[in-house]
Amino acid sequence: MVIDLTRSEKNTFRRFLGLYLGSSLILLSIIFYLFYKMESKLQYDLITSNMQNVASKVSSSIIYAHMANLTIDTTKLADFIKYEYALYDKQHEKLIGNLLVSKGKEIDLSKKLQKIDDSYVLVESSPKGHLGVYHIVIKENIYHGRIEELLEKLYFYFFLTFSTITVIAYYLAGMFIAPIINERKKLNNFIKDTTHELNTPITAILMSTGAGAPATEKNLQRINLSAKRISEIYKDLVYLFLQDNKKPKKLTNLNLDEIIVEQLEYFDSFASKKRLKITSNLEPTKFIIDKENFIRLFNNLVSNAIKYNIVGGSIDIELKNSVLKVKDTGIGIAEEKLEDIFNRYYRATKEQGGFGIGLNIVYHICKSYNISIDVQSKEKEGTTFTLDFKG
């Protein structure tokens with residue numbers, strides 16, 4: 001998806017990917033950290049609360065046994081507590097229990113809750129000397145294991161989530177850079193096509209004016225046609241790229257039929273080269289539009305009709321009821337390509353020269369003056385453009 005990138009496109013791709021992954025990493029880290037703190041606190045509360053409940057029950061049992069003149073049943077007590085425990089007298093001597101304390105890590109019986117190694121120790125002093133017991137000590141041994149298990153799961157899911165985000169980020173970055181790549185490729189093709197389009201008339205002029213070239217009528221006609229073609233290319237480029245289309249227009253109530261007649265004279269020499277027959281059926285029609293824009297609109301349509309026509313074909317131009325039709329007998333356009341022909345740089349065929357801006361200009365002019373445009377075409381039969389000046 002990200003192959004064939006220029007250096008700047010690669011940098012853009014890396015920046016997008018780095019920013020996306022960096023922000024995702026920070027956000028994920030915060031979320032997982034907060035979850036870890038919440039879950040570890042929950043485990044702490046559950047375990048210490050359970051230890052407190054057990055200690056309170058043991059204390060109640062000792063007090064009850066003392067009042068009933070009973071003794072402590074160590075077997076039942078161990079089964080009930082299910083923790084390491086010990087009972088201490090007033091002198092802090094252990095009376096009974098299975099709690100073992102490492103040397104140097106003695107339990108401080110004055111503290112309610114303390115941590116020794118990786119375990120929490122709870123001291124309950126509520127027996128108050130019943131049966132000689134002053135302190136109940138309970139030590140848990142499950143909190144550390146649960147936290148380790150929690151961390152293992154969090155690391156696994158963090159890696160899985162971040163890996164998924166990385167894959168998504170890669171494809172999102174590809175989607176982000178794709179329009180830039182497409183525009184760059186279109187621009188490259190446009191430059192190549194423009195160079196080719198300009199090269200043909202320039203070469204013709206050079207051949208006709210070079211040393212030893214005779215000043216014949218044919219050479220003069222070739223020079224004239226080439227100069228006209230360069231002029232048309234220049235005007236189209238100026239309109240699109242030098243903001244000429246945004247300059248204030250001189251709107252005039254034009255006689256469209258008269259302008260069409262004038263422009264058809266301009267195309268006579270082009271049409272004769274392919275032995276094309278141009279017929280026109282024009283009725284007087286007025287429309288408020290900038291003259292240069294209408295000429296550009298009409299000329300692009302006729303220029304395409306000539307360029308993509310067959311040798312010996314025909315072009316029919318009709319202007320009736322404020323509707324202009326330009327019909328040719330050319331190569332036609334495939335149905336699936338019709339919806340794209342007004343896009344800039346788009347070319348429906350490679351059979352003839354061009355760089356895909358003529359119909360884009362037509363579309364923008366029609367849009368500017370609320371002229372509806374329709375195109376009907378069949379491959380190998382021809383194309384008809386219909387412009388309705390009533391909107």
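How many of the five residues of strand E1 are buried? Four of the five are, and E1 is therefore described as mostly covered under a cut-off of 20% relative accessible area. The legends below describe close-up views of a predicted model.

**Figure 1. Strand E1 and its partner strands in an antiparallel sheet.** An open sheet is built from five strands in the order E2-E1-E5-E4-E3, and their pairing is antiparallel. Strand E2 (94-97) and strand E3 (113-116) are the edge strands; each has a single partner strand, so one side of each has no neighbour in the sheet. From one strand to the next, the twist averages 25°. Strand E1 (residues 84-88) runs antiparallel to strand E5 (residues 135-139), and five bridges join the two. Within this pairing, Ala-86 has Val-137 of E5 as its bridge partner, while Tyr-88 has His-135 of E5.

Figure 2. Ala-86 stands opposite Gly-97 in E2. Five residues lie between the two strands of this hairpin, and in the turn His-92 has a positive phi of about 65°. Helix H2 (residues 74-81) lies across E1, E2 and E5, and runs at about 130° to E1.

**Figure 3. The largest nonpolar core.** This core contains 42 residues, of which Phe-294, Leu-324, Ile-371 and Leu-387 touch the most other members. Helices and strands both contribute: among the elements that give two or more residues are helix H4 (217-241), helix H5 (256-273), helix H6 (291-307), strand E9 (314-320), strand E10 (323-328) and strand E12 (382-388). A second, separate core has 31 residues, including Leu-87, Ile-147, Ala-169 and Ala-173. Which residues does Leu-387 touch, not counting those up to four places away in sequence? Leu-387 touches Leu-297, Leu-301, Ser-322, Val-323, Leu-324, Cys-366, Ile-371, Ser-372 and Ile-373.

Figure 4. H6 is mostly covered, with 15 of its 17 residues buried. At the start of the helix, a side-chain oxygen of Asp-290 comes to within 3.2 Å of the backbone nitrogen of Glu-292.

**Figure 5. The mixed sheet with E10 and E12.** A further open sheet has five strands in the order E7-E9-E10-E12-E11, and its pairing is mixed. Strand E7 (277-282) and strand E11 (372-378) stand at the edges; because each has a single partner strand, one side of each is left without a neighbour in the sheet. On average, neighbouring strands of this sheet are turned by 10° against each other, direction ignored. E10 and E12 are paired in the antiparallel sense over five bridges, and Val-323 stands opposite Asp-388 in E12.

**Figure 6. Helix H7 and the residue that follows.** In H7, the buried residues are Gly-358, Leu-359, Asn-360, Ile-361, Val-362, Ile-365 and Cys-366. An α-helix has 3.6 residues a turn, so residues three or four places apart point the same way. After H7 comes Asn-370, whose phi is positive, near 55°.

Figure 7. His-144 is found in helix H3 (residues 143-209). The relative accessibility of His-144 is 31%; because this value lies between the limits of 20% for buried and 50% for exposed, the residue counts as partly exposed. His-144 and Lys-320 are 176 residues apart along the chain, and their C-alpha atoms are separated by 91 Å. Asp-340, in turn, is found in the loop between E10 and H7. With 24% relative accessibility, Asp-340 also counts as partly exposed. Between Asp-340 and Gly-22, which are 318 residues apart along the chain, the C-alpha separation is 39 Å.

Notes. Residues are numbered from 1 along each chain as its sequence is written. This is a predicted model: local features need pLDDT of at least 70, side-chain atom pairs count only at pLDDT 80 or more; totals for chains, interfaces and linings use all residues. Side-chain values use heavy atoms; hydrogens and water are left out. A nonpolar core is a set of buried Ala, Val, Leu, Ile, Met, Phe, Trp, Tyr and Cys residues joined through side-chain atoms within 4.5 Å. Buried means under 20% relative accessible area, exposed over 50%, partly exposed in between (1.4 Å probe, protein chains only). Contact means heavy atoms within 4.5 Å. A polar contact is a pair of N or O atoms within 3.5 Å; within protein, one must be able to donate a hydrogen and the other to accept it, and residues adjacent in sequence count only if both atoms are side-chain atoms. Two strands pair if DSSP finds at least two bridges between them. Axes are lines fitted to C-alpha atoms, for helices over the stretch in contact, and angles run from 0 to 180 degrees between N-to-C directions.
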